[in-house]
Amino acid sequence: MSDHICFFRRIFLASAVIILLFSSAFGQKWGKVSDEELMQGPPNDYPEANAIVLFDVGRMEVSIERVELYRHVRIKILNRAGVDEVGDVGFSYDEEDKIKGLQAQTITPDGSKIKVDKKDFFTKKPGGHEYITFAFPSLDSGCIIEYKYTNSNERLHRLDAWYFQGDLYTLYSEFSLILNPGFVYSSATVQLPPEKREPETEYLPNPDDMYGRRNQKFTWRLTDLPPIKDEPYMSFRDNYLASIYNQLVSYETAHSKWDYIKGWPDIGEKFQTFIEEYVDRKKDVGKITDSLIAGLTDPLDKAKAIYEYIIKEIKTHENDRGYYFSNDKMSTMLENKSGTGDEKNVLLTQMLKSAGLSAWPVLIGTRDKTVFNPKLYQTQQFNRIITFVDIKPTFYYLDATSGYCPFGVLPPESRATGGLLIDGRNSELVKIVVDETKAYRKDMTYMTIDTDGVARCSTSVQFCGYFASSYGERWDTKQPDDFVKDYFLDKLDVAYDMDTLNFSQDSLGMLELDITYSLDDYVRRLDNNVVLKPIQYYFRENPFKSEKRFFPVDFNFPFVYQNVVKMTFNDDVVSQTLPEPLNLEIPGASYTRSCMSDGTNIIIQSQLSVDNPYFPQESYSRLREFFVQATAAVEDEIVVSIASE
Amino acid sequence: MSRWLITLLFIFLPSALGGIEVNDIYAGADAIYNYKIWECEIKGDQAEVQTRFSVTILNARGTDYNGVVEYENDFRKIKRLKVRLLDANGNIIAEDDKKDLNKACGFGDSYELYSDVCTYYKEYALQKYPYTVEYELIYDVKSLFFWQGAKFQHYIPVRKASYRLICPSDFTFKYKCYGLNIEPSVAPEGDKIIYTWERDDITALQRIDSAPDGYPAGGSISFMADSLTLGDAALVGADWKNVGKWHSRLWESCIIKEIDTMVWRLPVTDDKVSTAQAIYDEVRDKTRYVSVSIGIGGWKPENAVLTQDRGYGDCKGLSALLLSRLRLAGIETYPVLALTRGDGLTDVDFPNVVFNHVFVVSVIDNDTIWMDPTCDFCRFGDLPYGDEKINVLVSTDSGGVIVVTPSSQSEDNKVIKESHIFINSGGEMEIDVKADYYGNFSLAKRNKMEKLDNDETRAYLADLLPGGERKYSLRNYNIMNLSSIEQPLTINMQLSGNKKVDELNHVVYINPNLLETLGSSETLNLDGRDIPVDWGYPYTLQDNIIIAWDSSLVFDSIYIPPDDAVECALAKASCHIINATDSIIVSLSSSFFDYVLPVEQFDNFEKYRDTKKAILSRYIRLYKKSE
């Protein structure tokens, strides 16, 4: 009797599980579209939407054999522009993964369903990943499109992240993680409001578990998510998306337990092995090092000599293999004289060690790709190897990727908050202490206004710090005339004749550009008055066009931009009207402008200073207004009355 | 013999180079092609091509040339690919073959959803310049359709370029050299003939702003086999007529000839033009552009029924659908093969198969109606800018015919602005602008604006006025007819000036041209230029501005610049200002009448431009009453 009850209970429970699984997401089923969905218009807080995600539901089940993510997405097209916006869809996955049950269809406003034919799913293979793409048929305004698939893989240790948010406004996004008995995962959420971070937990029967243990199901649900679009001064886009990352902590059976996360030292030890397999022919490296430091006694001088050698002799190339090293061995890189930034930094570490200095590789995530989350024990957070060298009493983080960064200054993208110092079992998390010297740019322009109104100008621009590395790399790869046109003269929106240009770099890494040019139409003549604006090239436009922003502003590094313009007039000056002094200040940034005259010459000096490169979302409107005012000052004119002929 | 040739070469080389010293060719170069050598052997309707290229990178600006990119598909099979990187001393630093290069499959041109092409690519670089990248490539060309030519000249100089063609003695083909006048040497060898085109010391092409299609005429050779087969369609005789016939054969099976085959109802109208319009409108509105290129599908369209069922297709597919429906309606219609404006120039004197777009033309009552189904916002009978005034091949029943597509006129592409400017008591400007965009202006704006959200739209609109957000604050806006085909796109904006109007010594100065700037082409430096200027398309800009002011501003008198107008062969401009006592009415107009400004018109145009600038820089003066 009890066996029968047990049997029927199991049948009932199994059915309940199936019902639960296939009727999740507000009970949405494949192809069953509600009247509400057909009537759905744009959301109130994003009325300009051309298309919206009605729901994006993911259910990831982890068993001892595999990880299976079932995903079902439904999108409403609100107008004809929405057809172009979402008519072609695609998703990517690791090339080892299996995609099963892929279906897609269009549901027209009258309820007709038109399926995407199997032969119309196309797989692109960019290398390492694959990408399935397809076009929905018979689309028009008011149509609903949906697709579903299951991704089956064996990445038990690193579950794919789930992004609740994307390019379109999302009405509802749900992610469930179903763990078979014995699995313990930890989760890290990004950009989830506090009240949404804790999942709803359920226990589901697992008829296959011989010990009667149940599956655990964790569900996170978010609603009404605005699209995240590209904005100026944002770091890695994915960091702004509401998302969840899960990682395997342990797996336990009745008899054994396997711990997968033993902490950062464990990860560091494994990565050290990876580096050691790459490093070869240490004696040869030692010989090169000896030649570089011959005659040097000061450890800092030795470190600088080695750093200079690597940035000058080894070409940095893009990592086209996708995982740190593009050469099989360090010796190959030395022979090729070309390697990724990571390979160069491993060589740097090795050479510093050969020179008797204390140096270690450090794993970081560059700012344009990721933000380090110490709670996530995943090497996938990192994408660059840099070097830490301890030259007592001080220490330095070094990155030889860029040829324009002086010793001790990290390239802008390597200014990470933290990283993992690789030292076998002693590997540990470290705070990346960066040189906070402000980047500095000074534009000095002399303008001489002819009697016929032509402005003859010479501009000298000094780039220091990060400005030097950024503009230096651009100068290297652009034609000189194009460089001057693109970053300077074209910004004035008037015709110009460029006369000379000169570009130089001094021993301290400072770059200087000198250009001379004339502007026929820059000056306005109003009777006996000459009217003109002081020339300014940098921050002529307010970069923050959007009224709203859903994520912080990240300038990456503090900087000062100084613009000095000296004007002289070939006419006899009777009087001058100069712009009023201007002082703007918000926490983290300031702008000042002052004007002076000795009766003949006019000097206008302005300075924009960003002291704190990070502005949280809450201060966006204030920052935007600051830049509106600072850039509007570019339009302030000088009026000079000249003697009548 | 070769010694004589070398001697002769040295004697004639300076004159062949137009008096340029050989060393001058390489002075200031960022990279140099040491050699570009092709050897092509024709094998029936196929060919085997061997290429050997060597390029020396002299500095970082030359690194545009340090990559190797080769592709493979059904019609082009790579048999061997070898790359070597050498340092300044000639030491081999790296040696790769095909498997060592990065591979990406499925990615065609940016507009394609999918293409069955695999690309092999890798960048080669050393920290120390110079370094050299050499590569050898052998590939099979599976149809002589794809045997189209070779490029000798680049934006870097070339020390040696040669093309050696080995073909059966009965193989016939046509060739044409562009930019460089090279006659091939011809040498029979057994049952084969060997043609060789060679040129040493080829100067680098100059980058020139606003260069029209066909300029600069970079040195290249184009080939066209007298007979070839693509798919199941054979081309016999390399002339335009036969190219058209071949195309008809290629498309034959994709065109629907029985209406029952299509689940589609013919529109009921009174006349053929209305029928054609109804059919075009439906195809344009109920389909969308999606390009999938697999095998012959890159050149042969999908069956029109399939395109109809899917509601999408590429230019060929959509054109085949449109053409099928028009023909089913009894309307004489033909495919039009085009190389679109901005992508090259079809040389009418050299029949070939180099096209990148297809649309259709109907003939009704001896009149032609041109239709491009890929243009989302084109009115019936209008072509998008890329299809206008270009040489195209119309594939008629009797073969191909070269014609020029219709031009748009300056009156078709108009921007008419009606503006009210109010100067308030504080001297600030409040501006209401209503701008109507017609023709190509509206197409470009619609394509851009339909994808913008509110923030992006505000930013875009603010930049429509000179000085943009720095000068004006956009208070409100309204966009009408964004999705309309028939109506002009209308943008209404309410703005306020961020600065006060110019007031000096009790005189208020107003520039009548304050809402419009001169285009970038109008500031283009024509001094010493010897190629025409690409002007985009003919246009008319009309500004009607009413300037009024607050009653607290009392003016003693108002100076109005006199009416003036200027014109040259290709452009005209006028300025007409009326003092209406309590307001000023400004009418500005500027037109350009063609797509290209020819070199012989430069002098006239310079004078026109100077006069126009003078007209537009005269200020209205409002003299305040002395207090």
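Here are some questions and answers on this predicted model.

Me: What should I know about numbering and confidence before we start?
Reply: Residues count from 1 along each chain as its sequence is written, while chains are lettered from A and ligands numbered from 1 in the order in which they are written. As the model is predicted, local features need pLDDT of at least 70 and side-chain atom pairs count only at pLDDT 80 or more, whereas totals for chains, interfaces and linings use all residues.

Me: How do helix 6 and helix 9 of chain A stand to each other, parallel or perpendicular?
Reply: Helices here are DSSP runs of H or I with at least four residues, strands are runs of E with at least two, and both are numbered from the N terminus. Helix 6 (residues 282–293) and helix 9 (residues 341–354) of chain A pack at about 70 degrees with axes 9 Å apart; axes are lines fitted to C-alpha atoms, for helices over the stretch in contact, and angles run from 0 to 180 degrees between N-to-C directions. Under 35 degrees counts as roughly parallel, over 145 as roughly antiparallel, 65 to 115 as roughly perpendicular and the rest as oblique. Helix 6 and helix 9 of chain A are therefore roughly perpendicular.

Me: Which residues of helix 9 of chain A meet helix 6 of chain A?
Reply: Contact means that C-beta atoms, placed from the backbone, lie within 7 Å. From helix 6 of chain A come Lys282(A), Val285(A), Gly286(A) and Thr289(A), and their counterparts in helix 9 of chain A are Gln350(A), Met351(A) and Ser354(A).

Me: How many residues of helix 9 of chain A are buried?
Reply: A residue is buried with 20 or more other C-beta atoms within 10 Å of its own, exposed with 12 or fewer and partly exposed in between, with C-beta atoms placed from the backbone. Helix 9 of chain A is mostly covered, and of its 14 residues the buried ones number 13.

Me: In strand 33 of chain A, what is the bridge partner of Leu584(A)?
Reply: Strand 32 (residues 582–586) and strand 33 (residues 589–597) of chain A pair in the antiparallel sense over 5 bridges. Leu582(A) has Arg593(A) as its bridge partner, and for Leu584(A) the partner is Tyr591(A).

Me: In the hairpin of strand 32 and strand 33 of chain A, which residue takes a positive phi?
Reply: This hairpin has 2 residues between the strands. The phi in question is near 100 degrees, and the residue is Gly588(A).

Me: Which element gives the largest share of the side of chain B that touches chain A?
Reply: The contact takes 44 residues from chain B and 49 residues from chain A. Elements giving two or more residues on the chain B side include strand 5 (92–97), strand 6 (102–105) and helix 8 (454–462). The largest share, 4 residues, comes from strand 6 of chain B.

Me: What percentage of chain B counts as buried?
Reply: Chain B has 10 helices and 39 strands, and its C-alpha atoms fill a box of roughly 100 × 70 × 45 Å along the principal axes. Of its 627 residues, the buried share is 36%.

How values were computed. Two strands pair if DSSP finds at least two bridges between them. Two residues are in contact if their C-beta atoms, placed from the backbone, lie within 7 Å.
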